[in-house]
Amino acid sequence: MEKTTYDFGLIGLGVMGRNFILNVADNDFSAFGYDLDQEKVDALIEEGGNPKRVNASTDLKTFVQSLAKPRKIMLLVPAGKIVDAVIENLLPEIDKDDLIIDGGNSFFTDTDRREAYLKEKGIHFFGSGVSGGAKGARKGPSIMPGGNKEAYKEVQPIFEAVSAKFNGEPCVAYLGPKSAGNYVKMVHNGIEYGLMQLTSEIYDLLKKAGGFNNDELHTIFNEWNQGRLQSFLIEITAEIFAQKDDKGTGALVDKILDKAKQKGTGKWTSQNAMDLGIPVPSIDIAVSMREISALKEERVLADSLYGRPEPKTIDKKELVKMAEAALYFAFINTYAQGLHQLKDASKEYGYELDLSVIAKIWRAGCIIRAAMLEDISSAYSSDKELPNLLLAPAFVEKVKGTVASARQVVAYAATSGIPLPGLSNSLTYFDAYTSSRLPLNLIQAQRDHFGSHTYERNDMEGIFHTEWGS
């Protein structure tokens, strides 16, 4: 009996892995899966329907020997030591020029280490971010691969076939050498943290200040999704408000505990930005707010100890109008911060990233997909050296048209005791970035005063130190 060889292999048949491999098969590539869990193997075979198109095994040798050479093996397993363990188990079974693709959210320095290690053994290694969740994996995710450019060509037809499409264009592109793919996915997730925090704050504002119920919130966010705020996160937010509680009465969103968890990619974005000296305050505060949310018992106690002003009466229609503009303003600033980080990191790590291409592959499939990414892509296509999105002519006008609403909303919330840290940080970032003079001259004077750290002057060249005081 003739043995079937498969085009693509995937290790890790959880929901993401199973959906991705079925997506591969739907696009006319045969695929073979591997997992230690027999139930997951059986579930994939049953759902695949045709063992010549989709098959799987719990035996690693069978898995490897079923793949056409050079083998293309994708890992969709949790980041960390598990990835290293899987690689070590694969090494005795695979051959030179085979390709291992890490599709998880691995930290970019781990990807660099693994690539160098496997290169010595003649094995190609790719870090490839995959965004879109379980549904995206099944119907078309945004894929962010980085590594050896020639090796990428082996898997390029498969990735282009399975990825999301925007106006017929696949939402995947070779991004650069080494860990470029994982780094871009990390920053994608950092931006995602920021956008989610901002959306939750505007929800809180509308609920507390405007008294809107969930049906009204569903309508508001649904209308926003038809306009300039059109995005995946606004779309699903509208859907969330319409979801009824299947274990009780009322809306499900009101029954969900206000403690947000995290898997680390937002924190990594923030930490690495600090290392590189890049300001991303909208992302920083989004990470911090998840940490504050975990302090539920302390927050309940603190709420009982301190008074809170009643929100001032405000026209509901005016509130909705201001909130939409403020959210749009803050979204732009969050994208600007993340893209700034990508630009500087590209220079630091030698990624050679094209920000226009990155914005393009984020237009569909991924969690941060949004209508404004078309304009973002155009901005970086027009000026490859654009240092910050806020300096792009098209975005100058967008920001000018919304910043006043952001100021009004932040001021109103501050006097009403409604926390808007993401929006406040976005506004402060904007005000600082657009200030030709900041009070940091005083900080330099303080540093020189107590530590002889020296300073520069604005009226002459050189490095100076002063013996301060009388």
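On a 1 Å grid over the protein atoms alone, a cavity is a set of points where a 1.4 Å probe fits but cannot get out. Grid points are joined across faces, edges and corners, and a volume is the space filled by probe spheres set on the points. By this rule there is one cavity of 30 Å³ or more. The model here is predicted, so to speak of local features requires pLDDT of at least 70, side-chain atom pairs count only at pLDDT 80 or more, and totals for chains, interfaces and linings use all residues. Residues are numbered from 1 along each chain as its sequence is written, and side-chain values use heavy atoms, with hydrogens and water left out.

Let us start inside. The largest cavity has a volume of about 30 Å³. Its lining (residues with an atom within 4 Å of a point) consists of Leu195, Ser231, Phe232, Leu233, Phe331, Tyr335, Ile367, Ile368, Arg369 and Ala370. By class, the lining has eight nonpolar, one polar and one charged residues, where Ala, Val, Leu, Ile, Met, Phe, Trp, Tyr, Cys and Pro count as nonpolar, Asp, Glu, Lys and Arg as charged, and the others, Gly among them, as polar.

Helix α14 (residues 316-349) also packs with helix α8 (residues 180-210), at an angle of about 165 degrees and with axes 10 Å apart. Axes are lines fitted to C-alpha atoms, for helices over the stretch in contact, and angles run from 0 to 180 degrees between N-to-C directions. The pair is therefore roughly antiparallel (an angle over 145 degrees). Their contact has 21 nonpolar, six polar and one charged residues.

Next, look at α12 (residues 281-293) and α19 (residues 421-433), whose axes lie 8 Å apart at about 160 degrees, so α12 and α19 are roughly antiparallel as well. Pro281, Ser282, Ile285 and Met289 in α12 meet Pro421, Gly422, Asn425, Ser426 and Tyr429 in α19, contact meaning heavy atoms within 4.5 Å. That contact has five nonpolar, four polar and no charged residues.

Finally, turn to the second largest pocket, a pocket being an open set with protein on both sides within 12 Å along at least five of seven lines. About 260 Å³ of space lies in this pocket. Of its 14 lining residues, Ile11, Tyr34, Leu36, Val77 and Val86 lie nearest the centre. Helix α4 (residues 81-90) gives the most to the lining, with four residues.

Methods:
Helix = DSSP H or I, 4+ residues; strand = E, 2+ residues; numbered from the N terminus. Parallel < 35°, antiparallel > 145°, perpendicular 65-115°, else oblique.
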